Amino acid sequence: MPRAKDLDRMTDEQLLDLRLCDLPLKIEGTPLEQRVSWIYAELDSHGLLFKPHVWLSAEWFTPDEVPGFAIPFYLAHPRLAKLERRQMLEVEGGSEKECLRIMRHETGHAIDNAFRLHKRRRYRELFGSFTRPYPNWYKPEPNSRQYVLHLPAWYAQAHPAEDFAETFSLWLTPGSRWRRQYQGWPALRKLEYVDAVMGEIAGKAPPNKSRRRVAELPEIGMTLREHYANKRRHYDFEWPPDYDRDLLRIFSTEPQHKSRPSAASFLRRHRRELRREVAEGTGAHEYAIDQMLANMINRCRDLKLRVGLLPEHARNKTLVLLTVQTMNGIHSGYYRIAL
Ligand SMILES: [Zn+2]
């Protein structure tokens with residue numbers, strides 16, 4: 001079993017051979033410890049005695065009926081964050097701001113479990129039934145004003161429990177001007193409800209005091225290689241089988257463009273910025289968008305396409321094509337965040 005300082009010297013291949021249970025990681029002494037203490041301070045600032053317990057696991061999640069949440073292991077060591085980026089092209093919760101956002105979301109689930117808020121009648125009326133099964137996919141309505149906007153991909157629309165967690169999380173965010181921001185939105189009623197309930201449970205110890213941890217890192221026997229193979233499968237989309245006509249609207253097979261740069265090299269050059277822009281705009285995972293780009297590069301090569309337009313036009317048209325395809329992917333069912 002390696003020591004924490006050994007990880008820095010290991011190659012990606014060596015790391016991928018390690019089992020998750022063999023990773024020498026702790027929350028103590030990492031920036032995660034401080035971030036958790038900030039969340040505790042935010043709860044304190046509202047007079048809430050409840051504090052979720054946290055542990056390391058493979059992903060972000062709050063287990064059913066547990067008033068605490070799991071944090072993914074890669075946030076506990078910079079070398080593993082780097083591996084995550086190489087494997088998945090982005091590090092979910094990697095920046096301080098994003099990490100705190102996800103922690104507030106998970107705290108929403110945890111406080112819901114701690115006080116069994118989902119059993120209240122008004123909760124059910126506003127958010128829906130907590131016990132409704134999670135769908136395998138959801139079809140968000142991007143313009144809906146029934147839901148707050150917080151995590152990407154209109155995540156509040158995925159399930160009543162997510163809707164509550166997202167509403168809570170926005171409410172908890174320091175400096176959030178939710179009253180003004182959501183004025184006139186039906187979602188404001190949900191925020192006001194959260195505000196009233198938190199006022200009511202302030203100063204109270206939660207009835208559910210369980211400290212249970214689920215799928216803690218030392219219990220996970222799979223290797224990092226297996227873990228990433230699963231994770232990539234999970235995040236991939238059903239991309240359209242045929243979009244040659246779309247490519248032919250952007251790129252050219254005309255003989256007069258024979259000496260122009262190839263479409264494949266053009267896309268390779270812009271690959272990173274395109275996938276980042278589309279991920280920001282749609283909330284989809286960069287890994288999923290990159291799969292589509294890889295596919296497009298191959299198809300452009302097969303069709304021997306060239307850049308006939310001005311590069312800026314070709315780039316904009318590619319951005320639109322990728323965005324439309326990504327939105328289709330989201331609408332056909334896409335789960336951005338594991339619970
Ligand atoms: Zn959630």
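User: Which protein donors does the zinc ion have, and at what distance do they lie from it?

Analyst: This is a predicted model. The donors are H105 (NE2), H109 (NE2) and E162 (OE), at 2.0 to 2.1 Å from the zinc ion. Along the chain they follow the spacing H-x3-H-x52-E. H109 sits in helix α4 and E162 in helix α6, 53 residues apart, so the pair links distant parts of the chain.

User: Are H109 and E162 buried or exposed?

Analyst: Both H109 and E162 are buried.

User: What do the buried residues of α8 pack against?

Analyst: They pack against α4, α5, α6 and α7. Among them are L188, Y193 and M198. Just after α8, G203 takes a positive phi of about 80°.

User: How many salt bridges are there?

Analyst: Side chains of opposite charge can pair when their charged atoms come close. The count here is 25 salt bridges. In one of them, D17 pairs with R225, with the closest N and O atoms 2.8 Å apart. D17 lies in the loop between α1 and α2, and R225 in helix α9, so the pair ties together parts 208 residues apart in sequence.

User: What separates E125 and R122 within helix α5?

Analyst: An α-helix has 3.6 residues a turn, so residues three or four places apart point the same way. E125 and R122 are three residues apart, about one helical turn. Their salt bridge has its closest N and O atoms 3.2 Å apart.

Terms used. Residues are numbered from 1 along each chain as its sequence is written. This is a predicted model: local features need pLDDT of at least 70, side-chain atom pairs count only at pLDDT 80 or more; totals for chains, interfaces and linings use all residues. Side-chain values use heavy atoms; hydrogens and water are left out. Donors are N, O and S atoms within 2.8 Å of the metal (3.2 Å for Na, K and Ca); water is not among the atoms, so sites may look incomplete. Helices (H or I, at least four residues) and strands (E, at least two) are DSSP runs, numbered from the N terminus. Buried means under 20% relative accessible area, exposed over 50%, partly exposed in between (1.4 Å probe, protein chains only). Contact means heavy atoms within 4.5 Å. A salt bridge is a side-chain nitrogen of Lys or Arg within 4 Å of a carboxyl oxygen of Asp or Glu.
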